[in-house]
Structure formats: C-alpha cells, structure tokens
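The following exercises are to be worked through with the sequence and the model at hand. Each task is followed by a stepwise solution.

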Amino acid sequence: MAEAAGITTRTLRFYRERKLLAAPRREGRIAWYDEHHLARLRTIAALLERGHTLSGIAELAEAFEHGRDVADVLGVGETPTEETPVRLSPEELADHFAGEVTPENLAAALDLGYLAVDGDTIVHISRRLLDVSTTLVREGVPLATVLEAGRQVRVHAEALATLFLEILRPHALATDPAKLRPLAKAVVDAELSLALDRRLTDPALAPEAAPQPGPGHTPGPPSDPPTSPPPA
C-alpha cells in the first residue's frame, strides 16, 4: 500500500496513528488495505501539495465523517428535483475554493445541505449553486459570506415555495410540478430583477444607505419574509 501511494511505510503508520487513515482489515497477523485506503492516501498527498497542514486535513476528514450522506441530503426516492448533483474529490473541492476550504466552512456547508459524503467522494447538491459559489469566491467574496448568504436566501426561498403552494392549493396546478415550477420561477426571477433595478438606481435604496451592523453582530434574515401573492 505504501508503495502504491508513493510514501514510506513509516509515513503510512504515522497517518494511521494520526487517524488520517482508517485501520486495515486484519486476518491474524495480516493487514488488508483496499482501494478506499489508497484513495484517502492520494487525497492527503494532494491536499498537502495545496498547502494544507496535517492537522487541517485531520479536521476536514473528521467533518466529512460526521457529515450527512447523500441519501439524507438529496432525499433519494422522494420529491424529484431539477438540480444536478456534482461529485468531487476532496482535492477538486479545494481547487474550487482555493484557501477557503476550512473545517468551519466545511461544517457550515454540510449543515446547510450543500455537501454530502459518499464514500471517498463529496457530492454537491447542485451544479448551479456550485458554479455560482465558485464564481463569487473567485471574485473575492469569502466562502463564509457566501454560505451565510445561502442560509438567508434559503429562508426566503422556503417562504416563497410555501406561499405559491398555499395560494394554488385549491387548483390542480399545485399538484403538477411540470407546470408549477416554471411559472413560480418566472415570477420570482422577474420580481428579483425588478428589486435589483430599484436598489441599483435609487440612492435611498442602495446598500450603502443601509445601517452597518455593529461589532459582533451576526447577520440574520429579515423579520418579515415576503407575503404578497404572485401576480395573476
């Protein structure tokens, strides 16, 4: 196993002692390693090359091992989704968010349901969310801020989904996702576009006009989620 991973047997034992590598299956005095051990060793090597420390890698591994699995996050066998999950290796995830894949951010992404663990790979719940998050981080927005924004957007998205379903519940449209989804998304997209127009053109509504939070303030969703019905 050490030869296949390109390391020494001493390094292999060290990784096991640091709990970076699961114990092999034993039969008497023989220890059996498999492809999962080799994949973990290659991941450790790749993360070390990207500047991560062994302590940081151990914390990341612990976060993954305590994260929810794919079935929990994607709800396998339940409501169909238009989103396309993306499988990533830990080093591929590190490449998407260079320098930002910390144990804290990883735990936040797992808690939010953006990431799930499937054996030696990571599954991001949505290709579109992954692409947007990657772009924002590359534009200089900290990943922690992106995740907090996602958490707040989730609150309002849930409120909007509930609003549409409650208003349309008496009608057959509410039970037909093929018809409901595009109509609801079109309304939200148009209203969001108009709201951005107003805030980008009206100085009174510009972000700079909003009061700045004081030290130690933790941002949260506005107290009044949208309640107006969609246009007829």
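**Exercise 1.** In which sense do E3 and strand E5 (residues 121-124) pair, and over how many bridges?

*Solution.* The model is predicted, so local features need pLDDT of at least 70 and side-chain atom pairs count only at pLDDT 80 or more, while totals for chains, interfaces and linings use all residues. Residues are numbered from 1 along each chain as its sequence is written, and side-chain values use heavy atoms, leaving out hydrogens and water.

Step 1. Strands (E, at least two residues) and helices (H or I, at least four) are DSSP runs numbered from the N terminus; two strands pair if DSSP finds at least two bridges between them.

Step 2. E3 and E5 are joined by three bridges in the antiparallel sense. Within E5, Ile-122 stands opposite Leu-88.

Step 3. The open sheet has three strands in the order E3-E5-E4, with antiparallel pairing. Because E3 and E4 each have a single partner strand, they stand at the edges, and one side of each lacks a neighbour in the sheet.

**Exercise 2.** Identify the members of the largest nonpolar core that touch the most other members, and the elements that supply this core.

*Solution.* Step 1. A nonpolar core is a set of buried Ala, Val, Leu, Ile, Met, Phe, Trp, Tyr and Cys residues joined through side-chain atoms within 4.5 Å. Buried means under 20% relative accessible area, exposed over 50%, and partly exposed in between (1.4 Å probe, protein chains only).

Step 1. The largest core has 19 residues, and Leu-93, Phe-97, Leu-106, Leu-115, Leu-143 and Leu-147 touch the most other members.

Step 2. At least two residues each come from strand E3 (86-88), helix H7 (103-112), strand E4 (115-118), helix H8 (127-138) and helix H9 (143-168). H7 gives the most, namely four residues.

Step 3. A separate second core of 12 residues includes Ala-5, Tyr-15, Leu-38 and Leu-41.
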